[in-house]
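Work through the exercises below with the sequence and the coordinates at hand. Each task is followed by a stepwise solution.

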Amino acid sequence: MKIWIAVLITLLAVPLDAWCQSQDSKKCLECHNPAHDSKVTTTDHAVHMKARISCQTCHGDDDVDPVAVPAHSFKDGFRGRAWDLHFPTFCRTCHTTQADFFERGKHGEATRGGKIRGCVECHNFRGTEPLVHAEAPRHRNLREYCLRCHKEGTAGSLVGTTFRDLFDKQADGAGRVQARLDMLSSTPGVDVSDETDRMTEAHAGFQRMRSAQHSMLIDEVVTLARDVSKQQTSSEMSLERKESALGRRVVWLIAFLLLLALTAGVIFIKFRRIIKSEREKTS
Amino acid sequence: MATSSRLYRWFDERLAVGAFGKFLWAQSLKPVPKHINGSFTLGTAAAFLFLCQVVTGILLSLYYQPTFDHAYDSVAAINQSISAGWLIRAVHVWGSHLMVLVMLLHMIRVFCYAGYKKPRELTWVLGGLLFLTTLALCFTGAMLPMDQLAYWGTKVATAILSELPGLGHALLTVVRGGEDVTQTTLSRFFILHILILPAVVMGLIGLHIFLVRRLGISTREDVDVEQKVGYETLMQQQGMPFYPRHALKEILTVIVVFATMITLAVLAPKGLGAKADLMQTESGIRPEWYLLPFYQLVKYFPEWLGFLFVNGLLLLLVLLPFLDRTGGRTPEKRRKALWIGGIVLTLVVLVGILGALSNREMTLFGKRVQFDDQGMPSAVEKK
């Protein structure tokens, strides 16, 4: 068992070390290393880790000289454990739009009433566990997660199911159109700049949807989803037209080759007649 | 008098259209040897392809912007958004490939029929220069799209010049217009590609055709027999008028070449790589197929020796009529020359294949094989 724990700790230490080495928080690891501190864990997939955000971004302190003493000094900007702070105020530092939507909705209301713990209620924060850099709830079993508070068949669970279906549908549609777009954009003679613009808009709309879902206001998200669908559908139809135009190229080519063959045939017959008449003249 | 007749008279009085027509008609009736077959139409096919290059080149230059910042975007616009731009560019690119191929086949045909022998040495030399100028046209044109391959290909290819002892650096500076490949290089290549080299090709084609018409297509007789009896006498005995028999073959060849070019352009249009990044070296730079033998040969020699060797080979090709002074024209009398020619051609093709394979990894007969810089294969060990 001890061996497995050691292996696990080493495996966790490698990505964390690689991450922190490249940041301004090398010193933090000297003590807060998974090898010594069981509260420090992270994974390669953690969104904050992928975004290369340093320890100081959330925990504060002097990032120019992050040595042991000033690192824990409130005077030098140390904020302590991030989960002790009020959410979503802390997360708002970076995620402004999401925090705005969150506060407008029922979850915001519940947070203000002290019933739930704000962002971390859904984003990978489980009671006694330490704060692992936030991961989207979609990476985990969302159904199981929401059902902790919302019983199946209640309005809350309905909103969750609707959101999940909407997002799945949009993501599938976007993937399908993008694959077509990639194929056609590398084909000479096919201008897909309009479709690319529309898909960029659709992607921005999808991002707005992702932010708006924090409000849990179903109408708002559905309206946004409709706009995204409209952009995706019009792009897809336009790409379909361009694909069939691509097929027509071959038809035009065959027609052109037939015309050339016909011309060659006519010239051949004409010349054979001339040659024959000349031969008759000579004989 | 009908309007058309009046118009003809008006022009004839001023431009002697009738006299010119009569001259052309007399030319078309000029006898050619009876043995000439379809392979004797390749010269006309090459001239036709050059004409296509001129027309498509003019159309492309209406949109192309020869500046470092805008060249790539203008080619991308030609390829994607300008009506039929992709087709014009594809015809231009495939036309250049076909032109080189047809010229090569034409030269092989002339060699096989010993058409370069006295008194047609100069016709061959001009043809050889025409071929080299065409290669230069292709090389200068390859830089113009300014994608990664175009930029780094030019950089690598021009760098070979600097290896020449003494003159090398000066030559490099003249070609690039400085130490590095810059806007000046692009301007120089553009002017060479659209103005200077096409003018040279046109001049050489004119002279080449003039000599072909003046000296006629070589007979199957030995050089001394042709000289002694006289070409005109031989043609009276065993010739036939160019029109209509051979003219028909020429027209049909042109139609076939045109159909091939359009088919290739439509079915395999030329794409565009990533925009040239001056800080990001492109790996796997390889020239077009017709330059692969030269590209590979240079690798087998230390430094400037490779450059000299390749140029020496090209010089030998151009000066072939002065190296082969024998008088026979039939294959029976030229066995040695045909063997040497065949071996050289096979070696050139093999070296070209090695060039295409070099620095690549591929699966052959179910085994993973890696080809080194010299084109030598070695099995890849499984990890």
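This is a predicted model: local features need pLDDT of at least 70, side-chain atom pairs count only at pLDDT 80 or more; totals for chains, interfaces and linings use all residues.

**Exercise 1.** Determine how helix 6 and helix 7 of chain B are oriented to each other, and which residues meet.

Solution. Step 1: helix 6 of chain B spans residues 121-143 and helix 7 of chain B spans residues 148-159; their axes lie 7 Å apart, at an angle of about 130°. Step 2: angles over 145 degrees count as roughly antiparallel and 65 to 115 as roughly perpendicular. Helix 6 and helix 7 of chain B are therefore oblique to each other. Step 3: from helix 6 of chain B, Phe139(B), Ala142(B) and Met143(B) meet Ala150(B), Thr154(B), Ala157(B) and Thr158(B) of helix 7 of chain B. Step 4: this contact has 5 nonpolar, 2 polar and no charged residues.

**Exercise 2.** Classify the crossing of helix 13 and helix 16 of chain B.

Solution. Step 1: the axes of helix 13 (residues 292-299) and helix 16 of chain B cross at roughly 80° and come within 7 Å. Step 2: the two helices of chain B are therefore roughly perpendicular to each other. Step 3: helix 13 of chain B contributes residues including Leu292(B) and Tyr295(B), and helix 16 of chain B residues including Val348(B) and Gly352(B). Step 4: by class, the contact has 8 nonpolar, 3 polar and no charged residues.

**Exercise 3.** Which helix of chain B supplies the largest share of the nonpolar patch?

Solution. Step 1: the surface patch includes Leu104(B), Trp289(B) and Trp339(B), and its residues together have about 1,100 Å² of accessible area. Step 2: helix 5 (85-112) and helix 16 (335-357) of chain B each supply at least two of the patch residues; Leu104(B) is in helix 5 of chain B. Step 3: the largest share, 7 residues, comes from helix 16 of chain B.

Terms used: Residues are numbered from 1 along each chain as its sequence is written. Chains are lettered from A and ligands numbered from 1 in the order in which they are written. Side-chain values use heavy atoms; hydrogens and water are left out. Axes are lines fitted to C-alpha atoms, for helices over the stretch in contact, and angles run from 0 to 180 degrees between N-to-C directions. Helices (H or I, at least four residues) and strands (E, at least two) are DSSP runs, numbered from the N terminus. Angles under 35 degrees count as roughly parallel, over 145 as roughly antiparallel, 65 to 115 as roughly perpendicular and the rest as oblique. Contact means heavy atoms within 4.5 Å. Ala, Val, Leu, Ile, Met, Phe, Trp, Tyr, Cys and Pro count as nonpolar, Asp, Glu, Lys and Arg as charged, and the others, Gly among them, as polar. Patches are made of residues with over 30% relative accessible area and no salt bridge: like charges are joined within 9 Å, nonpolar side chains (Val, Leu, Ile, Met, Phe, Trp, Tyr) within 5 Å. Accessible areas come from the Shrake-Rupley method with a 1.4 Å probe; for residues, only the protein chains shown count as cover. A salt bridge is a side-chain nitrogen of Lys or Arg within 4 Å of a carboxyl oxygen of Asp or Glu.
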